[in-house]
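Good morning, and thank you for the time.

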Amino acid sequence: MADRSPVLRIITSAARESLKPLGLAQRGRSRLWIDDHGWWLGVVEFTPPRISGSGLYVGAMWLWHDVDHLAFHVDSVRVGSELFRTEDQFTPLALELSRQAAANVTALREKFPALPDVARYLTSRPVRRGFFWDSFDSGIAAALVGDPDTARDHFERVLREDALAPWMVEAQEKARELHAIAADRDALTAWVTRAVDSCRSKLGLDPVPFAIS
C-alpha cells in the first residue's frame, strides 16, 4: 500500500530544495537519493523510524561490489529520528535534515574527489577485526592506483577470514582472482570496470563511459 502520510511528501519537498540543486536524484518515490560519480555513489537515506518521522543516513557505495541494492560502504553521518506530530512541527525538522544531508554529500565529494584519494583513505584505516569488506575494498583501490604489494596484503587478509557464509566464499573467490592480477593494472581495471558496469545495470542506472585510472 502506498504511503499516504504527509511525512514522505514533506521529506521529498525538503530534499528537492537541498539535494536536487547539487545534482542528486531521488530513487523513484522513495526516501533514497543518490549522488552518481560513475564508479561510486553518494547515498542519502531519510531513514524511517518505527513510528512516523525520519532520520538520516549518508554514506558512500563502491560499485565494484556488483550488487543489486544500494549499500553504505563508508558511512558519513547518521542522525537519529525526528518524530512526526503535525505538518507544521515536522516541516522545519525535515528541512534541517535535508540541509544536513546536503552538507554531508558535499563533504563526501571533497573527501573522495578522485581514486587516489579513495585509495589513501581506505588503505590508511586501522584494520578492524570482523570488518570483512574493509580489506576487500582497500585491496581493489590499492591495485587500481598501482600499489600491488599493498593490494595483495589486503586481499590476503580477506582470504584468511573464516568463510562462514556463502557470500564470504564468493567474496574470497573474487579476492583470490584479484590477488593473482594485482600487479597487472590493465587487467585489474578491466575487472573493476566490468563489475561497475554490471552493478549500474542491476541498480537501473544509465551506462556511464568512464575510465578508472
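First, the conventions. This is a predicted model, in which local features need pLDDT of at least 70, side-chain atom pairs count only at pLDDT 80 or more, and totals for chains, interfaces and linings use all residues. Residues are numbered from 1 along each chain as its sequence is written, and side-chain values use heavy atoms, with hydrogens and water left out. Helices (H or I, at least four residues) and strands (E, at least two) are DSSP runs, numbered from the N terminus.

Let me begin with the strands. Two strands are said to pair if DSSP finds at least two bridges between them. Strand β1, residues 25-26, pairs with strand β2, residues 32-36, in the antiparallel sense over two bridges. Gln26 has Trp33 of β2 as its bridge partner. The two strands make a hairpin with five residues between them, and Gly28 in the turn has a positive phi of about 60°.

Strand β2 also pairs with β3, residues 40-45, again antiparallel, over five bridges. Here Ile34 stands opposite Val43, and Asp35 stands opposite Gly42. This hairpin has three residues between its strands, and Gly38 in the turn has a positive phi of about 85°. On burial, I use buried for under 20% relative accessible area, exposed for over 50%, and partly exposed in between, with a 1.4 Å probe and protein chains only. Five of the six residues of β3 are buried, so β3 is largely enclosed by the rest of the structure.

I turn now to helix α4, residues 132-144. Among the buried residues are Phe132, Phe136, Ile140 and Leu144, together with Asp134 and Asp137. The helix is followed by Gly146, whose phi is positive, near 85°.

Next, the cavity. On a 1 Å grid over the protein atoms alone, a cavity is a set of points where a 1.4 Å probe fits but cannot get out, and lining residues have an atom within 4 Å of a point. Grid points are joined across faces, edges and corners, and a volume is the space filled by probe spheres set on the points. A search of the whole structure finds one cavity of 30 Å³ or more, and the largest cavity has a volume of about 60 Å³. Its lining includes Leu122, Arg125, Asp134, Ser138, His154 and Arg157. Helix α4 gives the most to this lining, with three residues.

Finally, two single residues. Pro148 is found in helix α5 and is partly exposed, with a relative accessible area of 23%. Pro148 and His179 are 31 residues apart in sequence and 8.5 Å apart in space, C-alpha to C-alpha.

Asp66 lies in the loop between β4 (53-62) and β5 (74-83). Asp66 has a positive phi of about 50° although it is not a glycine. At 21% relative accessibility, Asp66 counts as partly exposed.

Methods
On a 1 Å grid over the protein atoms alone, a cavity is a set of points where a 1.4 Å probe fits but cannot get out, and a pocket is an open set with protein on both sides within 12 Å along at least five of seven lines; lining residues have an atom within 4 Å of a point.
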